[in-house]
Amino acid sequence: MMDNLKTELLEQIEKLTPPQQKQVLDFALELTGELSKRYPGEKLLELVGTISPEDLEIMKQAIEEGCKQINESEW
């Protein structure tokens, strides 16, 4: 049974584009808990500076407006 499953999985993966295959790999790594080992937090440093100052200001305003509200009936 396990060999059939592996064979079918490989057949389906071969039909995918390389980006789709990468998605499957990431999903499998996530399921096994290996994704966080493979992509440690340091990888996030590559993203530094990729958000425009304008977008950062919009995000900042949304956080300030949304986080200052208290809904007493929710908790």
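These are my notebook entries on a predicted model of one protein chain.

**Ground rules.** I number residues from 1 along each chain as its sequence is written. In this predicted model, local features need pLDDT of at least 70 and side-chain atom pairs pLDDT 80 or more, while totals for chains, interfaces and linings use all residues, and side-chain values use heavy atoms, without hydrogens and water.

**Fold.** I looked up the secondary structure and found four helices and zero strands. Helices (H or I, at least four residues) and strands (E, at least two) are DSSP runs, numbered from the N terminus. Along the sequence I read α-α-α-α.

**Cover.** I looked up burial next. Buried residues make up 3% of the 75 residues. Buried means under 20% relative accessible area, exposed over 50%, and partly exposed in between (1.4 Å probe, protein chains only).

**Helix 2.** I checked the span of helix 2, residues 18-32. Its 15 residues should span 21 Å, and its end C-alpha atoms are 21 Å apart, which agrees. The expected span is 1.5 Å times one less than the number of residues. Gly33 follows helix 2, with a positive phi near 80 degrees.

**Salt bridge.** I found one salt bridge in the structure. The term means a side-chain nitrogen of Lys or Arg within 4 Å of a carboxyl oxygen of Asp or Glu. Here the side chains of Asp26 and Lys22 meet, at 2.9 Å, N to O. Both residues lie in helix 2, four residues apart, about one turn of the helix. An α-helix has 3.6 residues a turn, so residues three or four places apart point the same way. Lys22 is partly exposed, with a relative accessible area of 36%.

**Helix 4.** I placed Leu56 in helix 4, residues 53-67. Leu56 is partly exposed, at 42% relative accessible area.
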